Amino acid sequence: MKPLIIAFLGKGGSGKSILSALSAKLFLQRGLRLLLIDADPAMGLATALGAEDFKTIGEARAEIIHQARISRGEEKERLSEIIDFLLMEALVETPDYSLLVMGSTNTVGCYCPVNNLLRETITRIADQYDVVIIDAEAGIEQINREVTRSVHYPILLTDNSLRGAKTAILAKQAIDRSPGMNPQRVGAIFNRVENADPSLQKLLEEASLEVYGTVPADPVVTARDARGESAMEMPDHSGALVALENILRTFQILPDDKPRQPRHPAL
Ligand SMILES: Nc1ncnc2c1ncn2[C@@H]1O[C@H](COP(=O)(O)OP(=O)(O)OP(=O)(O)O)[C@@H](O)[C@H]1O
Ligand SMILES: [Mg+2]
C-alpha cells in the first residue's frame, strides 16, 4: 500500500487545511517522504504552508490543452513528455516535502485524453512518496468526481454544528456509493471543539460513521494563523497537534514514532 493516501474532507472552515498541514508535520517527524496536494481551488493548504510563486496544475493543464490543440501527428505523441515537464514545473519541492497545488481547472470543454494522462502522471509522481496528504475542496463534489478515488483514509472533519455533521454524513454516503473507492477506514474528527456534542456524535454513529475523536480549539493555531506563519512549524506541545497525533496513532494511520529501520542494514 504505497504511498499511503489520506484526505481531509468536510464543510467549509472545518479545518481541512490546518489539519492537513499538522498531519504533514507528524509524518515528517517520522522521516517519511511526503507529497501534499492542495486540491481546494481556494488554495488554503498552500497558504497554511506559506508557499508562494507556484504554478498550479490548473495552469499547467490549460497549457497542455493548448499544446494538444496546436500540435499534430508526431508532436501529439510528445504530449506525455510535455505533461511531465509541465507537472514538474508545478511541483513545489522543499527539503522537507513536495507540494502540488491544483488551483482551478475550469478550462472550457472536457479534454479527456489530457485529463487521463494528467491523472496517470500524478499517480506516477505520487508513487515516489511514502505518504500523500490531500486537502480537499469543501463539500462532497470531489468524492463524486472520483478525485479521492485512491484514498485509503478519508478523514471527515466537522464542528459541533448540525450542518457540519450532515456534510460529514453526506461525504460518508458518497464514499460508500463511489464504485472506485475502497478505503481502508473512514472516520470523523470533531475539530475546534472541547467535547463533541453527544447528539451529533450519535447522529454520525447512526450513519455508521466512526468518530475518531476531538481536536480542541488551539490558541497557538489561532495566533500563528493570524500572523500567517506556517502550520508546519507549530510547537510540538500545542493542543491541536497533540490531539491529532493521538487520534492518528490510535487508528494506526500514523506509525509509532520509533526511528525507521535503516533501508540497507549493515551486513
Ligand atoms: N483546532 C483549531 N484551533 C484553532 N483554530 C482552528 C483550528 N482548526 C481550524 N482553525 C481555524 O479555523 C479556520 C478554518 O480552518 P481551515 O482553513 O483549516 O479550514 P478549511 O476546512 O480548510 O476551510 P475552507 O473550507 O475554507 O478551505 C482557520 O482560521 C483556522 O486557523
Ligand atoms: Mg482549506
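This is a predicted model: local features need pLDDT of at least 70, side-chain atom pairs count only at pLDDT 80 or more; totals for chains, interfaces and linings use all residues.
User: Does Asp-53 count as buried or exposed?

Analyst: The cut-off for exposed is over 50% relative accessible area. Asp-53 has a relative accessibility of 81%, so this residue counts as exposed.

User: How many Å apart in space are Asp-53 and Val-92, C-alpha to C-alpha?

Analyst: In sequence, 39 residues separate Asp-53 and Val-92. Their C-alpha to C-alpha distance in space is 9.3 Å.

User: Let's move to Ser-98. Is Ser-98 buried or exposed?

Analyst: Ser-98 belongs to strand 4 (residues 98-101). Buried means under 20% relative accessible area. Ser-98 has 5%, so the residue is buried.

User: Which residues is Ser-98 in contact with, leaving aside its neighbours within four places in sequence?

Analyst: A contact here needs heavy atoms within 4.5 Å. With those sequence neighbours left aside, the partners of Ser-98 include Val-92, which also lies 9.3 Å from Asp-53, C-alpha to C-alpha.

User: Now the ligand, please! Which helices each supply at least two residues of the shell around ligand 1?

Analyst: There are 19 residues around ligand 1, and Lys-16, Ser-17, Ile-18, Asp-218 and Asp-225 come nearest. Two helices each give at least two residues to this shell: helix 1 (16-29) and helix 10 (219-227).

User: How far is a polar side-chain atom of Asp-225 from an oxygen atom of ligand 1?

Analyst: Polar contacts to oxygen atoms of ligand 1 come from several places. A backbone N or O atom of Gly-15 lies 3.0 Å away from one, and a side-chain N or O atom of Lys-16 is 2.8 Å from one. For the side chain of Asp-225, the distance is 2.3 Å.

User: What share of the area that ligand 1 exposes when taken alone does the protein bury?

Analyst: Taken alone, ligand 1 exposes 630 Å². Its space is the second largest pocket. Of the area exposed by the ligand alone, the protein buries 79%.

Note on methods. Residues are numbered from 1 along each chain as its sequence is written. Chains are lettered from A and ligands numbered from 1 in the order in which they are written. Side-chain values use heavy atoms; hydrogens and water are left out. A residue is near a molecule or strand if one of its heavy atoms lies within 4 Å of it. A polar contact is a pair of N or O atoms within 3.5 Å; within protein, one must be able to donate a hydrogen and the other to accept it, and residues adjacent in sequence count only if both atoms are side-chain atoms. Accessible areas come from the Shrake-Rupley method with a 1.4 Å probe; for residues, only the protein chains shown count as cover. On a 1 Å grid over the protein atoms alone, a cavity is a set of points where a 1.4 Å probe fits but cannot get out, and a pocket is an open set with protein on both sides within 12 Å along at least five of seven lines; lining residues have an atom within 4 Å of a point. A molecule sits in a cavity or pocket if more than half of its atoms lie within 2 Å of its grid points. Helices (H or I, at least four residues) and strands (E, at least two) are DSSP runs, numbered from the N terminus. Buried means under 20% relative accessible area, exposed over 50%, partly exposed in between (1.4 Å probe, protein chains only).
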